[in-house]
Amino acid sequence: MAGAFWLFYSPSEGYRDLDAEADIWAGGGSAPWVAGAAAMVEAAGAEVSAVSEVERRGAAEPEEVGSIKARMDKEKDLSELVARLKQAAGSNLSAVVLYGSAVDHDFREHSDLNVLCLLHRLEGAVLGSLRPVGLWWSHKGHPPPLVFTFAELRDSADVFSIELLDMKARHRMLEGPDFLAELQVPMAQHKLQVERELRVNVIRLRQSYLRIAGRRSELAELLIASASSFGTLFRHALIALGQEAPSSAREAADRLAKLFAMNAAPFHLVLDLREGKSAGGEMNLEAVFEPYVDLVTRVAEEIDRRPAVE
């Protein structure tokens, strides 16, 4: 079955099916984050030190302009989304919230616009009225909105502790009162959820590696997709161990590495790949994968054997 192995956990979207995403983007090339990675790893690494400061400054300007334009386009999309939701749901719409990397400094040109809509009622007929809005939003290239009533969100907070803790920490209200501020997230099941998601993502990483044909672009895609998931889970692993989680995936990896006497360098290399940073020449992805999979496996094992700290 297509996509059976290419699934990685995302706090905003659950399990992401990479094969399905590839199909969606097939009409116009690869998904932007995949295309960026493939272009980076297929091209010969240029020596950054040979570029003068003036050249660097000049090269940065188009990138900065592109980022500003991307922000403006996404703000326009968000405004129109709220308008369409209000028209479709009327007084049944309670609140609309943007959450995830698009909220703050982690925003990149291809950051997803993750949106949650809170409604007073959510029977089947209500979903039917919202479907045209969801179709329009999806055709714009954004993940389908999450839809909840406040009672549903409150009652399921114990099993969605990873997602809701992240949402509370990083969100922006687009419409209505800040319901996340008053939402209490029970932590009794948090460590169990972290353990499960770490184990599942390690299994998926192994399965996905066994099915790829060996092309660099495939391995780059696999590493990039998994790093986002593991970065989130590393932060929550620290929370489960009674520590304050950093906002940065890099810092979370470093702190876990220190705690477990490991080397976080493989994870940093994969994040460099994800962010399009130079690796001092063409990165040997096979050589990176081996210690990377050992690292994430070790984290899963350590979290499994250590007790949660209240």
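Leucine 98 sits opposite arginine 172 in S6, where strand S3 (residues 93-99) and S6 pair in the antiparallel sense over four bridges. Two strands count as paired when DSSP finds at least two bridges between them. This is a predicted model, in which local features need pLDDT of at least 70, side-chain atom pairs count only at pLDDT 80 or more, and totals for chains, interfaces and linings use all residues. Residues are numbered from 1 along each chain as its sequence is written, and side-chain values use heavy atoms, leaving out hydrogens and water.

**The sheet**
- Four strands form an open sheet in the order S5-S4-S3-S6, with mixed pairing; strands (E, at least two residues) and helices (H or I, at least four) are DSSP runs numbered from the N terminus.
- Strand S5 (146-149) and strand S6 (171-175) are at the edges with a single partner strand each, so one side of each has no neighbour in the sheet.
- From one strand to the next, the twist averages 25°.

**The parallel pair**
- Strand S4 (residues 114-119) and S5 run parallel, joined by four bridges.
- Here leucine 119 stands opposite threonine 149 in S5.
- Helix H4 (residues 124-139) carries the chain from S4 to S5 in a right-handed β-α-β crossover, meaning that the path over the helix runs clockwise with the strands pointing away from the viewer.

**A helix pair**
- Helix H10 (residues 249-260) packs on helix H11 (residues 265-274) at about 170°, with axes 10 Å apart; axes are lines fitted to C-alpha atoms over the stretch in contact, and angles run from 0 to 180 degrees between N-to-C directions.
- H10 is therefore roughly antiparallel to H11 (an angle over 145 degrees).

Notes. Angles under 35 degrees count as roughly parallel, over 145 as roughly antiparallel, 65 to 115 as roughly perpendicular and the rest as oblique.
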